[in-house]
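Please look over the strand pairing in the structure shown below. The briefing that follows is grouped by topic.

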Amino acid sequence: MNDAQTPVRALMPPTEALRRGFTFEGADPAGTALATAYATSGTSTGGVAASDELQQREGFFIGHLGLMIRYEDGSELSDMPATYRLPNAPDWFIGITNLHGLLVPVFDLAIYLGLEHQQGAKPMLLVLGHGADAAGVLIDGLPMRLRFKPGDRAEGAPVPTVLEACVHQTYWAAERTWMDLQVPVLLSKLSDELAATGA
């Protein structure tokens with residue numbers, strides 16, 4: 001992941017940046033950056049595979065829900081950094097953080113979905129997307145590597161209504177069901193709903 005060459009430009013007001021579809025540019029005056037980061041690389045699983053070909057995803061928890069993403073849809077994992085709230089923002093929008101000079105919105109999907117975070121689980125920041133399209137979500141504990149076959153579908157597994165358009169499929173892996181997220185759809189939905197609040 002290349003974060004050293006990000007140009008620093010004039011900082012636009014956060015409300016304007018949010019309405020422009022998560023196009024955050026410039027550096028946070030506080031200079032707060034994520035202390036630890038990792039590049040998530042893995043085998044692309046976007047194509048159609050044979051029924052016996054193992055698929056890989058990055059699984060994580062939001063409360064009791066098991067969600068998973070393609071490795072190429074995630075960019076970083078970190079302890080929770082300092083965030084900066086926006087006035088009149090909904091409670092599921094934690095705020096904005098500085099990610100290597102790029103301002104990134106951070107969301108609490110547990111509150112968004114009306115769930116409780118797992119007791120005792122360490123809150124972590126998982127960054128979805130890349131560059132100007134990146135957004136962080138608060139997850140419960142460390143992610144885990146999941147392996148499953150395309151035929152391991154969990155047909156009829158419940159999906160929260162608010163996530164129905166964002167879930168590609170549900171699968172059975174690691175002795176439970178997981179929702180395979182369409183990250184661009186989720187981030188677009190969060191962006192649109194945040195902008196509608198007038199934050």
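In this predicted model, Thr170 stands opposite Met179 in β10. The strands β9 and β10 (residues 176-181) run antiparallel and are joined by six bridges.

**The sheet as a whole**
- An open sheet is formed by five strands, which follow the order β8-β1-β2-β10-β9 with mixed pairing.
- The edges are taken by β8 and β9 (167-173), and because each has a single partner strand, one side of each is left without a neighbour in the sheet.
- On average, and with direction ignored, neighbouring strands of this sheet are turned by 40 degrees against each other.

**Pairing of β1 with its two neighbours**
- With strand β8 (residues 144-148), β1 pairs in the antiparallel sense over five bridges, and within β8 it is Arg145 that stands opposite Glu58.
- With strand β2 (residues 65-69), β1 is likewise antiparallel and joined by five bridges, and here Phe60 stands opposite Leu67 in β2.
- The hairpin of β1 and β2 has two residues between the strands, and in this hairpin Gly63 takes a positive phi near 60 degrees.

**Burial of β1**
- Strand β1 (residues 55-62) is mostly covered, since eight of its eight residues are buried.
- In a regular strand the side chains alternate between the two faces of the sheet.
- Both faces of β1 are covered, with Gln55, Arg57, Gly59 and Phe61 buried on one side and Gln56, Glu58, Phe60 and Ile62 buried on the other.

Definitions and conventions. Residues numbered from 1 in each chain as written. Predicted model: local features only at pLDDT ≥ 70, side-chain atom pairs only at ≥ 80, totals over all residues. Heavy atoms only, no water. Buried < 20%, exposed > 50% of the residue type's maximum accessible area, 1.4 Å probe, protein only. Helix = DSSP H or I, 4+ residues; strand = E, 2+ residues; numbered from the N terminus. Pairing = 2+ DSSP bridges. Axes fitted to C-alpha atoms, helices over the stretch in contact; angles between N-to-C directions.
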